[in-house]
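Biologist: I'd like to learn how to read a model like this one. Can we go through it feature by feature?

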Amino acid sequence: MPTPWLTRPYGVLDRRTVDLLTRLLRRRDLEPVVRCRLLEALTVELDGEADPRGPQAGREALTISRGLDDPELRALGLAAQLRTLSYELAATRRRELALELRDLADEHGLVAYRWFAEQVIGQAAAALNEPAEVRASIARQGEIARTYQLNEAWAIHLASRAGLAH
């Protein structure tokens, strides 16, 4: 079942949506903001798929978003790029981008992006075998979820704590 954090059911690729986004992205007359949002949507649809269009879309979304004077769009571009990088093979790069996203989210009050950045920081720490940072990140995730009453983020926090306890 789709959630606010995921726009499609787990394990299901909506080929029709991917094809539509791909066709739309071939247009040459798209405004940069529209193109960036379409690229981000493509990264969401291709999340978890071994499709080279996902990483390409993430890179381009980040490049476009960095050229615009819009913090929320830059956060969207960072999230798109983060979504497409390998958890294990690109852990250091994911942490760098997540720290950038965390700073941006703090500066502009982008709560959902702040939580997402913290989650990626914890994932990178796990991939880099840094247990103390994993624990600290999970604690920060919980604080954000509790403070802003992010129910799904709180559930993820509790599952993460259970995993650590196990």
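Biologist: What radius of gyration would a compact globule with 166 residues have, and what does the chain have?
Modeller: The radius of gyration is taken over C-alpha atoms, and the globule rule is 2.2 Å times the number of residues to the power 0.38. For 166 residues that rule gives a value near 15 Å, and the chain has 16 Å, which agrees. Along the principal axes, the C-alpha atoms fill a box of roughly 50 × 35 × 30 Å.
Modeller: Keep in mind that this is a predicted model, where local features need pLDDT of at least 70, side-chain atom pairs count only at pLDDT 80 or more, and totals for chains, interfaces and linings use all residues. Residues are numbered from 1 along each chain as its sequence is written, and side-chain values use heavy atoms, with hydrogens and water left out.

Biologist: How many helices and strands are there in the chain?
Modeller: Both are DSSP runs numbered from the N terminus: helices are H or I with at least four residues, strands are E with at least two. Here you get eight helices and zero strands.

Biologist: Which residues have the most contacts inside the largest nonpolar core?
Modeller: In soluble globular proteins, nonpolar side chains tend to be buried together. A nonpolar core is a set of buried Ala, Val, Leu, Ile, Met, Phe, Trp, Tyr and Cys residues joined through side-chain atoms within 4.5 Å; buried means under 20% relative accessible area, with a 1.4 Å probe and protein chains only. The largest core has 17 residues, and L78, L82, L97, L101 and F116 have the most contacts inside it. Helices α4 (71-84), α5 (91-108) and α6 (111-127) each supply at least two of its residues, with α5 giving the most, five. A second, separate core of 15 residues includes L30, L38, L42 and A80.

Biologist: Is T22 buried or exposed?
Modeller: T22, in helix α1 (residues 15-25), counts as buried because its relative accessible area is 16%. Its side chain makes a polar contact (N or O atoms within 3.5 Å, one able to donate a hydrogen and the other to accept it; residues adjacent in sequence count only if both atoms are side-chain atoms) with the side chain of R53, at 3.3 Å.

Biologist: And what does S65 touch?
Modeller: Contact means heavy atoms within 4.5 Å. Not counting residues up to four places away in sequence, S65 touches C36, L73, R74 and G77. S65 lies in helix α3 (residues 53-66) and is buried, at 0% relative accessible area.

Technical notes
Buried means under 20% relative accessible area, exposed over 50%, partly exposed in between (1.4 Å probe, protein chains only).
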